[in-house]
Amino acid sequence: MERGRGALGPALALVHTGRAPTRAVLTAELGVTRATAGAVAAELEALGLIQVDPHPIAAAGSQGRPSHGLSIAPHGPVVLAAQIHADGFRAALVGLGGRMVATAPGCMTVPADPARIIDAVVEAGAELLRATRRRCLGAGLAVPSAVAEPDGTALNPLHLSWPTGAPVAELFSEALAKSGVLGPGGTPVTGVAGNDVNLAALAEHRHGAGRGARHLLCVATGHRGVGGALVVDGRVHSGSSGLALEVGHLTVNPAGMPCHCGSRGCLDVETDPLAFLTAAGREPGPAVSLLQQSRDLLRSEYADPTVREAAELVVDRLGLGLAGLVNILNPDRIVLGGLHRELLEADPERLRAVVADRSLWGRSGSVPILSGTLDHNSLIGAAEAAWQPVLDDPLAALG
Ligand SMILES: [Zn+2]
């Protein structure tokens, strides 16, 4: 049944993103007959990916007839997800539905040799696979750098002291082979690598605050610098070679701080955690990440006028940057992550007012600005990239 096979990927994507909680909804969403939807659901269940409730249930508040519930198979396969940032790394196993099955935080200073930390994060993930005995279908890595496509090289890993052009995707696949991470058919898993904010945006679009948006703009600052991403019709807008939406070097303060790009007053250096701590007159300490220090300051000392004024300064500069992006990209939703999310929550009206005031399309107040809702969205996004071949063609991906 070719018709049915072509529907497997779309059907899996619907269950994966929570848009098909029952077989009746799946039938309607796919626009196929009940028999075809039933066969497709049974095939995905036979592949070990989803679970079909044997007893039909009545949907809450629905007048329709009871239908079989669909959910992610509770002990189904996983992918290995890894994230490297300025303060260390984390590895996790992530199932369908964006569910983190197991995670191993590992914090260390990031060595200048990318192979060493990639080996370490992959070994942490391989240990999780051995401990949980889960079947692995892929692997994804999030890094704080633009990643050129299709070669998978990190072009500006400025806050990691890695060499420009480090071949991260290749190093990742080599590390997976070394650690014995095997995929379908017992062959080594091929790793995919991407920019951390691109991947976070993908995760928020599928499982978080970006669900249902058609032109989703994400801007975030996690550890150092600022990243941006645009998800159009469910796919990250990558530009001609993976480098689109390098928003960190928009000028938001012409007389501002010098930036490593050679300019000054860039979003990157004016709105990241270090900029906020500096504006608040705080000396950053080594104990916890700059993001955590900023978050603690905002949450516990916002009543202090120095802290509030620093927050307002950073919010105004972030608002300028967002307004420029709204004019150019015309998004239907903006989702903020990291410190930007904290700043939005500290004073939602101020940020929305700056964006409305400074943008042509934002003036009507029609662009919702929301906080990201996923913990570890870059990690979940790395998993999404690894799941993509399965979502595109489950039969082919499972060999
Ligand atoms: Zn710059």
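How many disulfides does the count come to? By the rule that a disulfide is a pair of cysteine sulfur atoms within 2.5 Å, the count comes to 0 disulfides. The structure is a predicted model, in which local features need pLDDT of at least 70, side-chain atom pairs count only at pLDDT 80 or more, and totals for chains, interfaces and linings use all residues. Residues are numbered from 1 along each chain as its sequence is written, and side-chain values use heavy atoms, with hydrogens and water left out.

Buried means under 20% relative accessible area, exposed means over 50%, and partly exposed lies in between (1.4 Å probe, protein chains only). Cysteine 136 is buried, at a relative accessible area of 4%. Cysteine 261 is partly exposed, at 42%.

Strand E3 covers residues 78–85. Strands (E, at least two residues) and helices (H or I, at least four) are DSSP runs, numbered from the N terminus. In E3, 8 of the 8 residues are buried, so the strand is largely enclosed by the rest of the structure. Val78, Leu80, Ala82 and Ile84 point one way from E3. Val79, Ala81, Gln83 and His85 point the other way.

E3 has bridges to E6 and to E4. Two strands pair if DSSP finds at least two bridges between them. E3 and strand E6 (residues 136–143) run parallel and are joined by 5 bridges. Here leucine 80 has alanine 139 of E6 as its bridge partner. E3 and strand E4 (residues 88–94) run antiparallel, with 7 bridges. A hairpin of 2 residues links E3 to E4.

Helix packing was examined next. The axes of helix H9 (residues 290–301) and helix H11 (residues 339–346) come within 10 Å and cross at roughly 5 degrees. Axes are lines fitted to C-alpha atoms, for helices over the stretch in contact, and angles run from 0 to 180 degrees between N-to-C directions. H9 and H11 are therefore roughly parallel. Angles under 35 degrees count as such, over 145 as roughly antiparallel, 65 to 115 as roughly perpendicular and the rest as oblique.

H9 contributes Leu291, Ser294, Arg295, Leu298 and Arg299 to the contact (heavy atoms within 4.5 Å). H11 contributes Leu339, Glu342, Leu343 and Ala346. By class, the contact has 5 nonpolar, 1 polar and 3 charged residues. Ala, Val, Leu, Ile, Met, Phe, Trp, Tyr, Cys and Pro count as nonpolar, Asp, Glu, Lys and Arg as charged, and the others, Gly among them, as polar.

Glycine 285 sits in the loop between helix H8 (273–279) and H9. Glycine 285 is partly exposed, at a relative accessible area of 27%.
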